[in-house]
2 protein chains.
Amino acid sequence: MARKKQYNETEVIEKAMRLFWRNGYESTSVRMLEKEMGINQFSIYASFKNKEGVFLESIKFYNTQLKSIIDTLEKSNNGVLGIKEYFLDFLEFSREGAIFKGCLVTNTVNEIKEDSNPVIMAALKRFSLNIRELFVRNLKQDDERDVKEIEAQADYLMNALLGLSISSKVFNEETLKGIIEMTFLHL
Amino acid sequence: MARKKQYNETEVIEKAMRLFWRNGYESTSVRMLEKEMGINQFSIYASFKNKEGVFLESIKFYNTQLKSIIDTLEKSNNGVLGIKEYFLDFLEFSREGAIFKGCLVTNTVNEIKEDSNPVIMAALKRFSLNIRELFVRNLKQDDERDVKEIEAQADYLMNALLGLSISSKVFNEETLKGIIEMTFLHL
DNA sequence: ACAATAACTAAGCAGTTGCTTAGATTTAAC
DNA sequence: GTTAAATCTAAGCAACTGCTTAGTTATTGT
C-alpha cells in the first residue's frame, strides 16, 4: 500500500559506477551522483545507505560487467595465452572512445587510504586477489611446474596488469599493445 | 627595511612533499599543510602562491631527492642491470618503515584529472618521460639494436615500474623482489 | 473514498574546502 | 626614534562536503 520506486536500482548503479570510474571515489560528490543517477539524495541514501554503499554496489556491478571477459578467461584452456587475451580484452573494456579509463578497482586502490576506508579497501583487495587466482589456475594448465614458480609468474602478471591501468592513461594504444606483447614474450 | 622570514622555504617544502606523498594531492588540505609545514596559511600563499604552487615545488624537491639514485642510473654503464638496480633503489627510497608509499608522481598521475589540473599533469608527464629517456640511454649501452626495439623495452620497463608503485602497496617485500627478478629475466 | 505507507522534493545541518583580508608585530635604513 | 616595508596571526569569505529532516505527493488494500 505504498508508492513505487520511480527508478531501477541496477540502472542507477550503472550510472554511478561510470561516474566513479571516470572521476574516482573521493572526488565524486553526492551532488554529482544525484545528477548522474537522476534521483534525489534522499533516494540514494534510502536505497544504498550512504556514499560508501553506492560505491560497494558499483564494484559489484563492475564485476558483472567484467564477467564476460573473466568468463572467457575461466573457460579458456590456453594457459598463458588465455591471460594475454584477458589483457587485450580488458584494454578494450576500459576504453571510452579515444581515452582509456584504467581499471575502476586499481584506480580506487591507488586513491583511497586504508585507514579512512577499510571496508572499501577490503573489497578492492578481494577483487584483485580473485583475478590473481584465475591467473594461477590458467598457468597451471600449461605444465606441471613448481607451484612457487607459477605464483611468482602470477605476481609478475598482476604487476604488469596494474601497470597497464596507469600506462593506459599515459601511453597510446599502439604502445600499450607493444607492452603486452613484451610482457608475454618469454612466458 | 623589513622583517625576515621565520622559516626556510626548502625545509617547509620537504615537509609538504612528505605529506603529499603519504596523503595524495586532493585529500591534503591547506589546513593540513599549515600544521605540517609549521607556518600560517598566509605565509604559504605568500611563498608559493597557492596549493598548486606548493605541490609543484614539492615535485621539484622530490626530484632532487630522487637525484642520488637517478645519478647512479645515469653514471651506470651496466645497461639493463643499471635499470634493475634503479628498481631496487627506488623500492628502498619509497619505503617508510614497514610500508611502501609508492611513487609521488605515479600516485598523483593516478589521482588527478587532466581537465581540472592541467599544469600539474603536465609536470608529472614531463617527469615520467624523463625517466623513460634514461632507460633508453641505458639500454643502448648493451648493444646496437634497433631503436624501435629499445624503445619498446623502455615502455615495457616503464609499465613494470608504474605497476610496482601500486604493487608495493598491496604485496609484501619478498613478492616485490620476485616481480623485479622476473621483469628482468629475459632482458 | 479513505487511510496507511513508502517515495518523493527541497531546504538545511555542521563541518570542511581553497583562499583573502584586516590588523598587529617585527625588522632595518635613515 | 621615526618610518616604511615585509611578515606575522587570526578571523572570515563563499562554496562545497556527506548526510538528515520536514513536509508533500503518489500508490495501494480495504
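## The surface near DNA strand C

In this predicted model, DNA strand C is surrounded by 24 residues, and the closest are Ala2(A), Asn40(A), Phe42(A), Arg3(B) and Ser29(B). Two or more residues each come from α3 (41–48) of chain A and from α2 (30–37) and α3 (41–48) of chain B. The top contributor is α3(A), which gives 4 residues to this surface.

## The annotated domain in chain A

Let us turn to the record for chain A. An unreviewed UniProt entry carries the annotation "domain: HTH tetR-type" for residues 6–66 of chain A. In the model, that stretch of chain A is 77% helix and 0% strand, and its end C-alpha atoms lie 28 Å apart.

## How α1 and α4 of chain A pack

Two packed helices are described by the angle between their axes and the distance between the axes. For helix α1 (residues 9–23) and helix α4 (residues 51–75) of chain A, the angle is about 95 degrees and the axes are 9 Å apart. Because an angle of 65 to 115 degrees counts as roughly perpendicular, α1(A) is roughly perpendicular to α4(A).

Which residues of α1(A) and α4(A) meet? From α1(A) come Ile13(A), Glu14(A), Ala16(A), Met17(A) and Phe20(A), while α4(A) brings Val54(A), Phe55(A), Glu57(A), Ser58(A), Phe61(A) and Tyr62(A). This contact of α1(A) with α4(A) has 8 nonpolar, 1 polar and 2 charged residues.

## Where the two chains touch

The contact between the chains takes 31 residues from chain A and 30 residues from chain B. On the chain B side, at least two residues each are supplied by α6 (104–111), α7 (118–142), α8 (147–170) and α9 (173–184). Of the elements on that side, α8(B) gives the most, with 12 residues.

Sorted by class, the side of chain B that touches chain A has 12 nonpolar, 14 polar and 4 charged residues.

## A positive phi in each chain

Most residues other than glycine have a negative phi, and most peptide bonds are trans. Against that background, Lys49(A) has a positive phi, near 75 degrees. Lys49(A) sits in the loop between α3 and α4 of chain A. Is Lys49(A) buried or exposed? It counts as exposed, because Lys49(A) has 12 C-beta neighbours inside 10 Å.

In chain B, phi of Lys49(B) is also positive and near 75 degrees. Lys49(B) lies in the loop between α3 and α4 (51–75) of chain B, and with 12 C-beta neighbours inside 10 Å it counts as exposed.

Key
Residues are numbered from 1 along each chain as its sequence is written. Chains are lettered from A and ligands numbered from 1 in the order in which they are written. This is a predicted model: local features need pLDDT of at least 70, side-chain atom pairs count only at pLDDT 80 or more; totals for chains, interfaces and linings use all residues. A residue is near a molecule or strand if its C-beta atom, placed from the backbone, lies within 6 Å of it. UniProt positions are given in the numbering used here, feature names are shortened, and annotations may be inferred rather than shown by experiment. Two residues are in contact if their C-beta atoms, placed from the backbone, lie within 7 Å. Ala, Val, Leu, Ile, Met, Phe, Trp, Tyr, Cys and Pro count as nonpolar, Asp, Glu, Lys and Arg as charged, and the others, Gly among them, as polar. Axes are lines fitted to C-alpha atoms, for helices over the stretch in contact, and angles run from 0 to 180 degrees between N-to-C directions. Angles under 35 degrees count as roughly parallel, over 145 as roughly antiparallel, 65 to 115 as roughly perpendicular and the rest as oblique. A residue is buried if 20 or more other C-beta atoms lie within 10 Å of its own, exposed if 12 or fewer, and partly exposed in between; C-beta atoms are placed from the backbone.
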